[in-house]
Amino acid sequence: MRRAFTWAAAGVPVAWLAVTVVNWLSGDFWWWGGGAPLVVFFAVPLLVVAAVPMLVLRRRLPSWRERALVSLAAAALALIVARRVLSGRTWLWVVPDLVIPPLLFVLVPLVLLAAVPLAGRTRWWTAALAAVALALGATQAGVHVGGGGGPAPPGAVKVVSWDTYCWSTDDDPDEFLRYLKRWRADVYLLQEHSGCGPGAPTPIDDAGLLRREFPGHHITTLDGLLTISRFPVAARAAVGEAANPYAPSWRHAALRTDLAIGGRTVSIYNVHLFDMLYLSASPLSPRFYQAIATLDAARRAQFDALAADIARNPHPVVASGNFNALPGMGHLRALDGLTAAQGPLYPATLSFAGLRLWRMDWTFTSPELAVHDYDLHAPDGLSTHHLQELLISEV
């Protein structure tokens, strides 16, 4: 145990640095093993923080196993508390937010609780620290237990929301459209209706194609946001304008369309907030962190503008799309007046390096609306994001 922990404590940060440098120099971020480098990244924060109590306790606890377990439990609790305090309040926590998938806030304390019998004299401390970490981490992990909004009534509206990841520019266009149309949604909320490239999103002009493929529907676009609705559009508005020096043509947080549904107006927000970081600069350079700070300030302004528009909106509200926000992230506090749609036990929507561990895509509704049968669907290789499908009705 002692030798394994020593190798892990010394080797993992070194491997992390090596992967970062080689990936940057090679221009191929995941240069070996698919998602394998991510495992190294996940372990770094926990081991680095655990190294502190390991050193402090080395005279009082000569047993490496006892010291390692209680140190890991203390480190898990410290990271969870730090995230609760710092996430959304400072850009300095953006990288730790992404390095640690929220699911680990549940899995790590559970593993440590299972290992308590091995903790010897520190078993009570290990158990207590891991239990508190589990209680706090469960509120940040995004795990959902419970039912949905009950059976959908007649006339419920089907909404599909999907970050298409550069539309069909890297895919077979016919296959892409078949995938999109097979959901037979009343309302499509599509993000990244655009090409990828410098200054992305790059606009796509395919209005004629969309009218042919979705006859009788109403089509509204803004900054790579595309809303397709079979209900009439009573009004539209751009929400949350902010400067993005890294993607100048991406200026708004959301496209709002007020739809006439069943004799009532419902406001639908098609949301795509700025990215949290860009990998175009080395993590070892100041430019990488300057971009994070700039984007974080702009995202905060976007969240505030979106929340303000919703607060003064007299209509029932659906806000759905790619929020680029993880469960428990502080930015989401701006939307506390809305209810997040829940369905799968762990509704992860983003796959990265072959691992589906992050929830970036959300649907929020105001109290006047109920969500039924919320589900996520695999993108069949057409995007890195899973598609959100839900039925809504008035309460």
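Mentor: Let's start at Phe364. Leaving aside neighbours within four places in sequence, Phe364 is in contact (heavy atoms within 4.5 Å) with Val317, Val318, Ala319, Phe323, Leu332, Leu335, Leu338, Thr339 and Ala340. Before going further, a word on the source: this is a predicted model, where local features need pLDDT of at least 70, side-chain atom pairs count only at pLDDT 80 or more, and totals for chains, interfaces and linings use all residues. Residues are numbered from 1 along each chain as its sequence is written, and side-chain values use heavy atoms, with hydrogens and water left out.

Phe364 is also one of the residues with the most contacts inside the largest nonpolar core, which has 32 residues; Tyr269, Val271, Leu306, Ile310, Phe323 and Leu335 are listed with it. Such a core is a set of buried Ala, Val, Leu, Ile, Met, Phe, Trp, Tyr and Cys residues joined through side-chain atoms within 4.5 Å, buried being under 20% relative accessible area with a 1.4 Å probe, protein chains only. Two or more residues each come from strand E9 (264–272), helix H9 (286–311), strand E10 (317–322), strand E13 (355–358) and strand E14 (361–365). Helices (H or I, at least four residues) and strands (E, at least two) are DSSP runs, numbered from the N terminus. H9 gives the largest share of this core, 6 residues. Apart from this core lies another, of 25 residues, including Leu47, Ala76, Ile100 and Ala115.

Now to the sheet. It is open, with 6 strands in the order E7-E8-E9-E10-E14-E11 and mixed pairing; strands pair if DSSP finds at least two bridges between them. At its edges, strand E7 (233–239) and strand E11 (339–340) each pair on one side only. H9 packs on this sheet, touching E7, E8, E9 and E10, and its direction makes about 175° with that of E9; axes are lines fitted to C-alpha atoms, for helices over the stretch in contact, and angles run from 0 to 180 degrees between N-to-C directions. Within the sheet, strand E8 (residues 254–261) and E9 run antiparallel, joined by 8 bridges. Thr257 has Ile268 in E9 as its bridge partner.

To set this in the whole protein, there are 9 helices and 16 strands, and 51% of the 395 residues are buried. Residues 24 or more positions apart account for 71% of the contacts with a separation of 6 or more.

Definitions and conventions: Buried means under 20% relative accessible area, exposed over 50%, partly exposed in between (1.4 Å probe, protein chains only).
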